[in-house]
Amino acid sequence: MGERFVTRGFVGRRDDGAGGPLSGDERRRRTPPGQYLTTDFPVLSAGPTPRTPLDRWSLQVEGLVANPVSWTWEQFLALPSRDWVVDISCVTKWTHLDMRWKGVSVDALLEGVDLDPTAAFIVAYSDGGYTTNLPLADVLNNQAFVAWEYDGKPLAPEHGGPARLVVPGRYFWKSAKWVRGLRLQANDEPGFWESLGYNNRGDQWTEERYSGD
Amino acid sequence: MPLDWQLATVTAVRNETPTVRSFTLRLPGWAGHRPGQHVDLRLTAEDGYSVERSYSIASEPERTGEVDITVERIPGGEVSPFLHEAVVPGDRLEVRGPIGGYFVWEAALGGPLLLVAGGSGVVPLMAMARHRAKAGSHVPARLLFSSRGPDEIIYRAELDRLAAAGDGFAVAHTLTRQQPPGWTGYARRIDEQMLTEVVEPLGAAIRAYACGPTALVETVANGLVRLGLPADRIRTERFGPTGT
């Protein structure tokens, strides 16, 4: 659409105060195009919430690595973790600033697995069969982590607990709930939503919502 | 293929309940949709400020060149009060879609079909029910529909007609807060007992679609898993307080 269309009579609310103590300018600067701010944590899932007992839970790193690894829940919790305060944007249009998580960086998970030089993509896979794909370059250098705490509490099942991948730089469907493993691959492989009309990359700052965006 | 924004013309506005309104959008280049999919709406102010929201399509794909969306007015919201108060037939709105390829049911998928809705979560399920009727499908189908009170039942008259058509579609209502005198339907939040009773006549190998608030969808999905339905037969769409 060339010339910008104006919706008759629409002014907009502009500032809903959903950013807490932040200034209006800062809230606007941190809100990607087409998004609105919320302080809620909405739940969106395609099917039932899986519930794997912690004594049967494990997290794998596999694929193009010399030393595949599998952590039990206790081993996973013993990995070097830190607090993360990040802005999250969901393709359904909400953005929540300064969400507080605790988790292990993907960098830390990949330490010691000895990546094959041809590894260029990851597929994150989850209980319930969900998958999502990301270029390796989009998850290294503290761009992604696997979280088990949100806002000081264990991550609730409906929010992806016991553990979920979190990739703040991409729409939230890339932050796989109920994550159970990362598979390193040479080739990109579209995941669940990426095969159902959603964008392969999902950068919220360039509004890569759907295929072709 | 990029999903381009197109200018839709509002051709009809209809009250469904005191707080829910449907809008018919005529679309110049609509490639058709599948029941359960949604559209994105973009509103832009004079100074370029714009917002986007997603709305489920309520109409069946057999109606071509236009779609209905049904919008609940969220007090304090930015978009739904505008749509309710300001938009009249003849207005134009920017729309793109259809979007979403998982929460979809088409007659060719077969049944038996279980639809479970809470409030305006009925909208994408209505597209499925309308499609089922228009496509001449006779797969057994039941809608379990939770509303707060009798005046808040969206599409009530049309659901009555669909259930009276004698083609295997049934509706069970539950009213959670207020029931009229002589009410014979359910009068509580959806629970496992209610699900069991509604599912029972459909048999075992059903396809289930649930849409509504998170708590309702969690109850339904978990309940159906406990009743033995495989997880991949249960498709959910949830809304929290997001679509304002």
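Start with chain B: the C-alpha centres of its domain 1 and domain 2 lie 24 Å apart. This is a predicted model.

**Stop 1: the two domains of chain B**

Select residues 6–99 of chain B for domain 1, then 107–239 for domain 2. Colour them separately. Where they touch, 15 residues of domain 1 of chain B are in contact with 15 residues of domain 2 of chain B.

Now highlight strand 1 (6–17) and strand 5 (66–72) of chain B. Each supplies at least two residues of the side of domain 1 that touches domain 2.

**Stop 2: where chain B touches chain A**

Show both chains. The contact takes 34 residues from chain A and 38 from chain B. On the chain B side, select strand 3 (38–44), strand 4 (50–56), helix 1 (80–86), strand 6 (92–99), helix 5 (214–226) and strand 11 (234–239); these elements give two or more residues each. Which of them gives the most? Helix 5 of chain B does, with five residues.

**Stop 3**

Move to chain A and select residues 58–63, strand 2, with residues 69–72, strand 3. The two strands run antiparallel, and four bridges join them. For one bridge pair, pick A:L59; its partner in strand 3 of chain A is A:W71.

Definitions and conventions
Residues are numbered from 1 along each chain as its sequence is written. Chains are lettered from A and ligands numbered from 1 in the order in which they are written. This is a predicted model: local features need pLDDT of at least 70, side-chain atom pairs count only at pLDDT 80 or more; totals for chains, interfaces and linings use all residues. Domain bounds come from an automatic or database domain assignment. Two residues are in contact if their C-beta atoms, placed from the backbone, lie within 7 Å. Two strands pair if DSSP finds at least two bridges between them.
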